[in-house]
Amino acid sequence: MSIYISGSLAYDRIMNFPGKFSDHILPDKIHNLNVCFLIDRLDEKRGGTAGNIAYNLALMDEKSIILSSVGKDFDRYEQVLMSLGLSFEGINRCDNMFTAGAYITTDQGDNQITGFNPGAMSVPCGYGFPHATPEADVAIVSPGNLDDMIALPALYREKGIRYIFDPGQQITALTGEKMLEAIHGSHMLVTNDYELELIMKATGRSKAELLEHTGYIITTLGENGSRIDNGAPVMVPAVKATRVLDPTGAGDAYRAGILKGLVDGLDVLGAARLGATCASFCVEEYGTQEHVFTAEAFKARHEGAFGA
């Protein structure tokens, strides 16, 4: 049995500017902008959708196969994945490029200026699936290389592998036609509520019409939990965290919980509940891969929210 996770592997470089951008940007000179913000803090965090999902699955004792491309600066990230016991067979190394990176500067008003370098993410993973077992495998297609996001759903359908389609931040880069092709035949479509609206607009399909192409639609609703659509909607409440420091990465943690539930043979409701519990740990720390939990702590929180 294998869990295939396609998507991005990236570094998030987070910088703090001890002032306000608006104090240094002159509205009448916006056509000729030339400013420098002196930052007082720089943090580097591991990120990317595939990395985040794989990290959370590893905390739940599942060793997934990441399908992604990385660059010549991947060594620091690699060490962490290696410590988690994850396979590198699906990771394509591009020695003449940098690993994808987001450069995020935040001012004292919580305004952000972000630059994103796709780097090696612009190269398809090129994985050959040498030991696929369709009756047991499960996959997720998350935001990453566009060629992979188009090609892998077709490959999974051909091989008979259950897959989740999660277009996320790449929705606007996909045509409605390509989006519908990827959704068609998927086990489920997982998005947040805003992304679902974008998908319906791009494809020209209502939610009911999209359900003709996929088994389930799961919509995450932030602090309001999530909703499962396949007939009558079923609500899954959010699981209470001990503290909420940073919601970034909670969606990826939720998806990891769903995958864990599917490989453990749970129904979709049970899998979504695992996702809600996993997401509650992620929001308790800054960064998408900074939280940890034991099996005992996970079990206690999950049973406290949903029963034995």
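This is a predicted model: local features need pLDDT of at least 70, side-chain atom pairs count only at pLDDT 80 or more; totals for chains, interfaces and linings use all residues.
How much space lies in the second largest pocket? The answer is about 240 Å³, where a pocket is an open set of points on a 1 Å grid over the protein atoms alone, with protein on both sides within 12 Å along at least five of seven lines, and a volume is the space filled by probe spheres set on the points, which are joined across faces, edges and corners. Of the 14 residues lining this second largest pocket, the closest to its centre are Lys260, Leu274, Ala295, Phe298 and Lys299, a lining residue being one with an atom within 4 Å of a point.

Residues are numbered from 1 along each chain as its sequence is written, and side-chain values use heavy atoms, with hydrogens and water left out.

Helix H9 (residues 295-306) gives the largest share of that pocket lining, four residues; helices here are DSSP runs of H or I with at least four residues, and strands are runs of E with at least two, numbered from the N terminus. The lining of the second largest pocket divides into eight nonpolar, two polar and four charged residues, with Ala, Val, Leu, Ile, Met, Phe, Trp, Tyr, Cys and Pro counted as nonpolar, Asp, Glu, Lys and Arg as charged, and the others, Gly among them, as polar.

The largest cavity has a volume of about 70 Å³, and its lining includes Ser6, Leu67, Asn145 and Asp148. Strand S4 (65-70) and helix H3 (146-159) each supply at least two of its lining residues, S4 giving the largest share with three. By class, the lining of the largest cavity has four nonpolar, seven polar and one charged residues.

Finally, the sheet. Four strands form an open sheet in the order S3-S2-S6-S7, with mixed pairing, two strands being paired if DSSP finds at least two bridges between them. Strand S3 (41-47) and strand S7 (112-117) stand at the edges with a single partner strand each, so one side of each is left without a neighbour in the sheet. Strand S6 (residues 100-106) and S7 run antiparallel and are joined by six bridges, and Ala102 has Phe116 as its bridge partner in S7.

Terms used: On a 1 Å grid over the protein atoms alone, a cavity is a set of points where a 1.4 Å probe fits but cannot get out, and a pocket is an open set with protein on both sides within 12 Å along at least five of seven lines; lining residues have an atom within 4 Å of a point.
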